[in-house]
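Here is a short note for a colleague coming to this fold for the first time. Please read each point with the model open beside you.

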Amino acid sequence: LSYIESLKAIDNLLEQNNDGNYLLGSDFSYAECISAPWVQRFYVTLPYFRGIDFEEEILSKFDHLSVWMREVCNRPSCVDSKCPEEEMI
């Protein structure tokens, strides 16, 4: 699968979930704990290494995925444990 196809699969899963903004419903789960570092890095590495505006060029194509990624990135535990951006590149 391509990167965009993989993101579409996650968007479809989130669309089917009527119970909340997280992968398994309304509760932040282990799935988000595992995904959070990757999601955080997309915002830094794609612009830096590929010149891609992650929000504008990718997330804007996905309604549910964009909400999910923002929820994950803005969760206090994820903010507190985020790797410094200069260490991501």
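1. Start with Tyr-48. Tyr-48 is exposed, at a relative accessible area of 53%. Phe-49 also counts as exposed, at 52% relative accessibility. The scale is simple: buried is under 20% relative accessible area, exposed is over 50%, and partly exposed is in between (1.4 Å probe, protein chains only).

2. A word on the source. This is a predicted model, where local features need pLDDT of at least 70 and side-chain atom pairs pLDDT 80 or more, while totals for chains, interfaces and linings use all residues. Residues are numbered from 1 along each chain as its sequence is written, and side-chain values use heavy atoms, without hydrogens or water.

3. How many aromatic pairs are there? Rings of Phe, Tyr and Trp (its six-membered ring) pair if their centres lie within 6.5 Å; planes under 30 degrees apart are stacked, over 60 edge-to-face, the rest tilted. By this rule there are five aromatic pairs. One of them joins Tyr-22 and Phe-28 edge-to-face, with 5.5 Å between centres and 90° between planes. Both residues of this pair, Tyr-22 and Phe-28, are buried. Tyr-48 and Phe-49 also pair edge-to-face, at 4.8 Å centre to centre and 85° between the planes. Here the two partners are exposed: Tyr-48 at 53% and Phe-49 at 52%.

4. Tyr-3, Phe-42, Tyr-43 and Phe-54 make up one aromatic cluster.

5. What lies over the face of Phe-28? Arg-75 does, at 4.0 Å from the ring centre. The rule asks for NZ of Lys or CZ of Arg within 6 Å of the ring centre and within 35 degrees of the ring normal. Phe-28 thus has two entries in this note: the edge-to-face pair with Tyr-22 and the charge of Arg-75 over its face.

6. Next, helix packing. Two packed helices are described by the angle and the distance between their axes. The axes of helix 2 (residues 30-50) and helix 4 (residues 63-74) come within 9 Å and cross at roughly 100°. Helix 2 and helix 4 are therefore roughly perpendicular (65 to 115 degrees). From helix 2, the contact (heavy atoms within 4.5 Å) uses Glu-32, Ser-35, Ala-36, Val-39, Gln-40, Phe-42 and Tyr-43. Helix 4 supplies Trp-68, Met-69, Arg-70, Val-72 and Cys-73. By class, this contact of helix 2 with helix 4 holds eight nonpolar, two polar and two charged residues. Phe-42 and Tyr-43, listed in this contact, also belong to the aromatic cluster.

7. Helix 4 has another partner. Helix 1 and helix 4 pack at about 90°, with axes 7 Å apart. Helix 1 and helix 4 are therefore roughly perpendicular to each other. Leu-7, Ile-10, Asp-11, Leu-14 and Glu-15 of helix 1 meet Asp-63, His-64, Leu-65, Trp-68 and Met-69 of helix 4. Those residues divide into six nonpolar, one polar and three charged.

8. Leu-13 sits in helix 1 (residues 3-16). Asp-80 is 67 residues from Leu-13 in sequence and 27 Å away in space, C-alpha to C-alpha.

9. Ile-89 follows helix 6 (85-88). Ile-89 is partly exposed, with a relative accessible area of 44%. Which residues does Ile-89 contact, leaving aside neighbours within four places in sequence? They are Val-44, Tyr-48 and Phe-49. Val-44 and Ile-89 are 45 residues apart in sequence, and their C-alpha atoms are 7.8 Å apart.

10. Two more positions. Ser-77 lies in helix 5 (residues 76-81) and counts as partly exposed at 39% relative accessibility. The C-alpha atoms of Ser-77 and Glu-57, 20 residues apart along the chain, are separated by 27 Å. Asn-74 belongs to helix 4 and is exposed, at 56% relative accessible area. From Asn-74 to Asp-63 the C-alpha separation is 17 Å, for 11 residues along the chain.

Methods: Axes fitted to C-alpha atoms, helices over the stretch in contact; angles between N-to-C directions. Helix = DSSP H or I, 4+ residues; strand = E, 2+ residues; numbered from the N terminus. Parallel < 35°, antiparallel > 145°, perpendicular 65-115°, else oblique. Nonpolar A, V, L, I, M, F, W, Y, C, P; charged D, E, K, R; others polar.
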